[in-house]
Amino acid sequence: SFPTRRSFDLGRFLTLASLKANRQALLDLYSAHQLLAVAGFMTIYIVQTALSLPGAAILSLAAGAIFGSIMGTVYANIAATIGATLAFLVTRYLLRDVVLSRFGAKLEGINRELESRGFNYLLFLRLVPVFPFFLINLAAGLTRLPLRTFFFGTMLGIIPGGFVYVNAGA
């Protein structure tokens with residue numbers, strides 16, 4: 001028979017209780033296989049972010065619990081930025097033409113503004129969490145915001161909030 005949704009319910013592993021229960025095992029894994037633990041963590045975080053799945057907060061807490069405040073922030077920031085950039089690129093190259101064909105004229109003013117001040121807008125959106133992280137990734141991909149601006153605006157803008165979560169996990 002076909003597997004049920006429950007058998008793919010990976011969210012049950014991304015809970016605070018699960019993190020607490022498995023913290024020592026994760027620390028032991030990191031102690032024995034540092035590079036593998038970092039690469040595995042970052043891969044999971046990148047995939048979670050690129051696919052806009054829930055669990056970023058728990059992953060950030062886990063980064064602090066396993067790697068400490070500073071290195072946890074570095075690993076979480078790099079992974080979140082790469083994942084966000086992948087989501088941005090998928091949206092840009094798979095959905096942008098469809099959206100522009102329907103709303104292109106209405107988006108022209110936004111596009112002009114983003115071309116000149118996109119970094120400031122993106123930095124503001126990342127520093128002040130008014131809109132969900134995944135929504136910013138997807139919406140930015142529909143605009144002409146340059147990839148470089150998106151990447152660096154995201155990387156810098158998520159440091160403060162990311163540090164708060166990672167430090168809480170530590």
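Helices here are DSSP runs of H or I at least four residues long, numbered from the N terminus. With that in hand, let's work through some exercises on this predicted model.

**Exercise 1. Find the helix that holds Phe150, and decide whether this residue is buried or exposed.**

Solution. Start with the location: Phe150 lies in helix α7, which covers 147-157. Next, take the accessibility. Buried means under 20% relative accessible area. Phe150 has 0% relative accessibility, so it counts as buried. Now look at the surroundings. Setting aside neighbours within four places in sequence, Phe150 is in contact with Ala84, Thr85, Phe88, Leu122, Arg126, Ile136, Asn137, Ala140 and Leu145.

**Exercise 2. Work out which side chain makes a polar contact with the side chain of Thr154.**

Solution. Thr154 is also a residue of helix α7. Its relative accessible area is 0%, so Thr154 is buried. Then list what Thr154 touches, not counting residues up to four places away in sequence: Thr81, Ala84, Leu122, Arg126 and Phe133. From these, pick Arg126, whose side chain makes a polar contact with that of Thr154 at 3.2 Å.

**Exercise 3. Describe how helices α1 and α3 pack: what are the distance and the crossing angle of their axes?**

Solution. Two packed helices are described by the angle between their axes and the distance between the axes. Here the axes of α1 (residues 16-32) and α3 (residues 56-67) come within 9 Å and cross at roughly 40 degrees. That angle makes α1 oblique to α3, since angles under 35 degrees count as roughly parallel and 65 to 115 as roughly perpendicular. The handedness of this α1 and α3 crossing is right-handed.

To finish, list the residues that meet. On the α1 side these are Leu16, Leu19, Arg23, Leu26, Leu27 and Tyr30, and on the α3 side Ile58, Leu61, Ala62, Ala65, Ile66 and Phe67. Sorted by type, the residues of this contact comprise 11 nonpolar, no polar and one charged.

Terms used. Residues are numbered from 1 along each chain as its sequence is written. This is a predicted model: local features need pLDDT of at least 70, side-chain atom pairs count only at pLDDT 80 or more; totals for chains, interfaces and linings use all residues. Side-chain values use heavy atoms; hydrogens and water are left out. Axes are lines fitted to C-alpha atoms, for helices over the stretch in contact, and angles run from 0 to 180 degrees between N-to-C directions. Helices (H or I, at least four residues) and strands (E, at least two) are DSSP runs, numbered from the N terminus. Angles under 35 degrees count as roughly parallel, over 145 as roughly antiparallel, 65 to 115 as roughly perpendicular and the rest as oblique. A crossing is left-handed if the near helix is turned anticlockwise from the far one by less than a right angle, and right-handed if clockwise. Contact means heavy atoms within 4.5 Å. Ala, Val, Leu, Ile, Met, Phe, Trp, Tyr, Cys and Pro count as nonpolar, Asp, Glu, Lys and Arg as charged, and the others, Gly among them, as polar. Buried means under 20% relative accessible area, exposed over 50%, partly exposed in between (1.4 Å probe, protein chains only). A polar contact is a pair of N or O atoms within 3.5 Å; within protein, one must be able to donate a hydrogen and the other to accept it, and residues adjacent in sequence count only if both atoms are side-chain atoms.
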